[in-house]
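Thank you all for coming.

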Amino acid sequence: EDGTKLIERKSIDKRININSQIIYCDLLYTKYENNQVAEVLSDKLKMKYYYPDQIEQLIKYNCFEVIEKYGYFDKRPFDSESATQMIFKTSPIDKIV
């Protein structure tokens, strides 16, 4: 082989606290060299998640407005079939002080 190196990432959800909206999971990274496992690393992740209406409230609270909302990085529309990832295009709101 050509000695190509590849790193594969896998996420393993451990638990979700719905009250604090935090996901606890392990991230596993497997490094391959010459099609063989060379190294395995793991990392714990504690990630806060937000619902669509919460994100929009935070955007408005910080004096921005949503111009466009997408369901994924390729700009497909956000709808009930969208991935959990939301991408926003925002602009500042003129604020009178």
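This is a predicted model: local features need pLDDT of at least 70, side-chain atom pairs count only at pLDDT 80 or more; totals for chains, interfaces and linings use all residues.

Let me begin with a question: with which residue does Arg76 form a salt bridge? The partner is Asp74, and the closest N and O atoms of the pair are 2.8 Å apart. By a salt bridge I mean a side-chain nitrogen of Lys or Arg within 4 Å of a carboxyl oxygen of Asp or Glu.

Residues are numbered from 1 along each chain as its sequence is written, and side-chain values use heavy atoms, with hydrogens and water left out.

Now back to our pair. Arg76 is partly exposed at 43% relative accessibility, and Asp74 is likewise partly exposed, at 48%. For these words, buried means under 20% relative accessible area, exposed means over 50%, and partly exposed is in between, with a 1.4 Å probe and protein chains only.

Let us turn to the sheet. It is an open sheet of 3 strands in the order β1-β2-β3, and the pairing is antiparallel. Because β1 (5-17) and β3 stand at the edges with a single partner strand each, one side of each is left without a neighbour in the sheet. On average, neighbouring strands of this sheet are turned by 15 degrees against each other, direction ignored; the axes behind that angle are lines fitted to C-alpha atoms, for helices over the stretch in contact, and angles run from 0 to 180 degrees between N-to-C directions. Strands (E, at least two residues) and helices (H or I, at least four) are DSSP runs, numbered from the N terminus, and two strands pair if DSSP finds at least two bridges between them. Between β2 and β3 the antiparallel pairing runs over 12 bridges.

What stands opposite Leu45 of β3? That is Cys25, which is buried, with a relative accessible area of 5%.

Asp26 counts as buried at 14% relative accessibility, whereas Lys44 counts as exposed at 68%. Together with Lys14, Asp26 and Lys44 are linked in a network of salt bridges. Another salt bridge joins the side chains of Glu33 and Lys31, at 3.4 Å from N to O, and the count in the model comes to 5.

Finally, a word about the backbone. Most residues other than glycine have a negative phi. Asn35, however, has a positive phi of about 60 degrees although it is not a glycine; Asn35 lies in the loop between β2 (22-33) and β3 (36-48), and Asn35 is exposed, with a relative accessible area of 61%. Cys63 also has a positive phi, near 65 degrees. Cys63 is found in the loop between α1 (52-61) and β4 (64-70), and counts as partly exposed at 24% relative accessibility.
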